[in-house]
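Visitor: I am new to this structure. Could you show me how to read its features, one at a time?

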Amino acid sequence: MGSIFDILGPVMVGPSSSHTAGAVRIGLVSRILLEDIPIYADIKFSGSFAATHKGHGTDCAIVAGLLGMQSDDMRIPESLKIAKAEKLKFYFSNEEIPNAHPNTAVISLQGKNGKRITVQASSIGGGKIMINKIDGITVNCSAEIPTLVVHNSDEPGHVAAVTSLLFYNKINIAQMQLFRNERGGYAVMVLECDQSIPSSIISMIEELPGVIKVTYINPGE
């Protein structure tokens, strides 16, 4: 059975849950994944996002999320002006992405401390989103429950090391997905968990041999 949220949708600044609330969340999760304060954003819209992003305020919504706003923030319509004041440079363009959801955006970010990331995400209705790709690697996670995204070299033992740490700390894995760009290349683990993950555990994972980067998304924070 779905929740009342699934029926009523999110508390948000309009006009559309898909084009506004979902777009804000795409921007916000992209900011979290960057692990830095964005100073540059190249935002590409695909499908219906490309056709209607100005009229539906999707451009303002994405930038609002990049600034750290939530979908009910009354400043969303003014986010482009706020971004300029906060020295966040942003550029919009349209690009058709084959086989992508109609409401899809690709956001390439650079942070204040030099970090970079490219996120492809789609707004799937009711304010919900799907993170499709991170730096070109498919991940397909909703970021609705505590989620670990572990970037590592594609070598034996990494999955066992990470899952063992979670097991010994009584953190249950609700769903796990594994992706890589090629055999022996760059790999990503996506672990959606039932419990919040303490920062001490995340630090331990970061110190494991072969781990390149760990990102934690906790929608409850």
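Visitor: How many salt bridges does the structure hold?

Guide: This is a predicted model. A salt bridge pairs a side-chain nitrogen of Lys or Arg with a carboxyl oxygen of Asp or Glu, within 4 Å. The structure holds five salt bridges. One of them joins E35 and K115, with the closest N and O atoms 3.9 Å apart.

Visitor: Which parts does that pair tie together?

Guide: E35 sits in the loop between helix 2 (17-34) and strand 1, and K115 in the loop between strand 3 (103-111) and strand 4 (116-125), so the bridge links parts 80 residues apart in sequence.

Visitor: Is D73 buried or exposed?

Guide: Buried means under 20% relative accessible area. D73 has 17%, so it is buried. Its side chain meets that of R75 in a salt bridge, 2.8 Å from N to O. R75 is partly exposed, at 43%.

Visitor: What about K81 and E78?

Guide: They form a salt bridge too, with the closest N and O atoms 3.7 Å apart. K81 is exposed at 62%. E78 is partly exposed at 39%.

Visitor: How do I find a pocket?

Guide: Rolling a probe the size of a water molecule over the atoms shows where empty space is left. Here, the second largest pocket has a volume of about 170 Å³. Helix 6 (158-168), strand 8 (173-180) and strand 9 (186-193) each give two or more residues to its lining.

Visitor: What kinds of residues line the second largest pocket?

Guide: Six are nonpolar, three polar and three charged. Among them are H158, F179 and M189.

Technical notes:
Residues are numbered from 1 along each chain as its sequence is written. This is a predicted model: local features need pLDDT of at least 70, side-chain atom pairs count only at pLDDT 80 or more; totals for chains, interfaces and linings use all residues. Side-chain values use heavy atoms; hydrogens and water are left out. On a 1 Å grid over the protein atoms alone, a cavity is a set of points where a 1.4 Å probe fits but cannot get out, and a pocket is an open set with protein on both sides within 12 Å along at least five of seven lines; lining residues have an atom within 4 Å of a point. Grid points are joined across faces, edges and corners, and a volume is the space filled by probe spheres set on the points. Helices (H or I, at least four residues) and strands (E, at least two) are DSSP runs, numbered from the N terminus. Ala, Val, Leu, Ile, Met, Phe, Trp, Tyr, Cys and Pro count as nonpolar, Asp, Glu, Lys and Arg as charged, and the others, Gly among them, as polar. Buried means under 20% relative accessible area, exposed over 50%, partly exposed in between (1.4 Å probe, protein chains only).
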